[in-house]
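Please keep the sequence and the model in view while reading.

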Amino acid sequence: MVLRQSLQLFVIFYVMGTALLYIAVGYYLGRRLMYAPLPQAMFVDAADMPTQTEQLEAVVEALDEPLLPLLETAAEPKEAAFAPMQDLPPQWLAVLSDPNECKSFVEASVQVLRLDVGKYRDRLVTIDGEVRQCVRTPNAEKLQAAVDQLREVNSEWMDRQAEAATYLLERRNALGDMTVVQDRLDEVLQTQAMQIESTCANIEMFDFKASPMIGARRLVIEMRKLVDLAHTLRDCMQELLLSIMAREGRLDSTDKSLQTDPLTGLKNRTGIEAYIRKWWRDDGRRVRQVSVAMFDLDRFTAITERWGARVTDQLLAATARVVDDMLRKYSGLDWCGRFAGQRFFIFWADTGPHGATSVVERIRQTIAQTSFELPQGSISATFSAAVTEVLPDDTSKSLFKRLNWTLREAKQAGRNCTFLFNGTAPARVEPPEFDVRGKMARLDVE
């Protein structure tokens, strides 16, 4: 009996001792990994890793499932939804250049958030630049000051989001079909708020005094996530604004500034939609042949993480200039627009899909051989492309959905290639070898 009790006690103490040993080892390794130097290759590998914006993009679904079809068939909003603009909060009236241009307080809220997220994003980019200076010259005090500034910026932005959500919720009963917009907006804002809180919680755990360089590099990664979230929300606000104006038949009369991308000078998402709708009205029987393409810069997340949003802004602007110049040279009156983020759209009138594919391939090969120059180095870029013919029974939704499907196939096939929708499914294009000369584009970054 005594022997059995002794054995039981021995087993209990052995198990407990082993468990404590594993816990101690795990804690030690965890601390070592937490403060271990980051591998240089992480800036490249990040392109293949899931980003925080994926959850937000799943909610928005702005590219694949636009709100336009929902709003075009919805019931009329109640008259109260078009409340006088003087009833808007004073801080909103101060933001809007001409409040009377907004036909409903839903539209006013989207406009205000669109403008505010642009300012929020610009402040993030400024802080990101300061943090990147600390990667080259580590400084714990400057890093902590950047975090303090970031905390203030995020707090102000979250307050603006909550203010807009509360204002709309209080007037929900008057929205009618505009509740579709409000519901989408609420989902996006809630998802972004959770992601911001998660990223900020990660940042609060950094110990800059222990290793300023490691802290700076980790902060760069978290800053990129916040900038990504701001980009996605900005594109969502543009999509919502487009939906409202299309619902009310105001696309043609929209101010040109709302149809132009300020970074590239090209048509933005609204401008693209307005042009396509006008084209279909002018060609009511759809007898003219039209082809379109969409291309997306490859591994853009990794480039942003490596160089920062200020540099990638200039990369996008330079890419737009190269593409626009080549379209004017090879395709006459055809044009390019910035669809969203690093994604561009090309429109060809009176051109078949194979002719459009030839132009896309020439552009793709030129971009691949272009060196985008900075004082501290150069950037190489490639893009994946999708081409399709516009069908007689196409709508905006079916056209963009087909383009996105084709573009996904190009990405999954390894990037830096073109896929053509052949009438049944996307198919890889065997690229002709064009005699293209590499260009040098200087990026104007301070």
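## Strands E7 and E8

Strands E7 and E8 run antiparallel and are joined by 3 bridges, where strands are DSSP runs of E of at least two residues, helices are runs of H or I of at least four, both are numbered from the N terminus, and two strands pair if DSSP finds at least two bridges between them. Phe419 has Arg428 in E8 as its bridge partner, and in the hairpin of E7 and E8, with 4 residues between the strands, Gly423 takes a positive phi near 105 degrees.

This is a predicted model, in which local features need pLDDT of at least 70 and side-chain atom pairs count only at pLDDT 80 or more, while totals for chains, interfaces and linings use all residues. Residues are numbered from 1 along each chain as its sequence is written, and side-chain values use heavy atoms, with hydrogens and water left out.

## The whole sheet

The open sheet has 6 strands in the order E2-E3-E1-E6-E7-E8, with mixed pairing. Because E2 (335–340) and E8 (426–428) stand at the edges with a single partner strand each, one side of each is left without a neighbour in the sheet.

E6 and E7 pair in the parallel sense over 3 bridges, and Ala386 has Phe419 in E7 as its bridge partner. By contrast, E1 (residues 290–297) and E6 (residues 383–389) run antiparallel, joined by 7 bridges.

## Burial of E7

Both faces of E7 are covered, with Thr418 and Leu420 buried on one side and Phe419 and Phe421 buried on the other; buried means under 20% relative accessible area, exposed over 50%, and partly exposed in between (1.4 Å probe, protein chains only).
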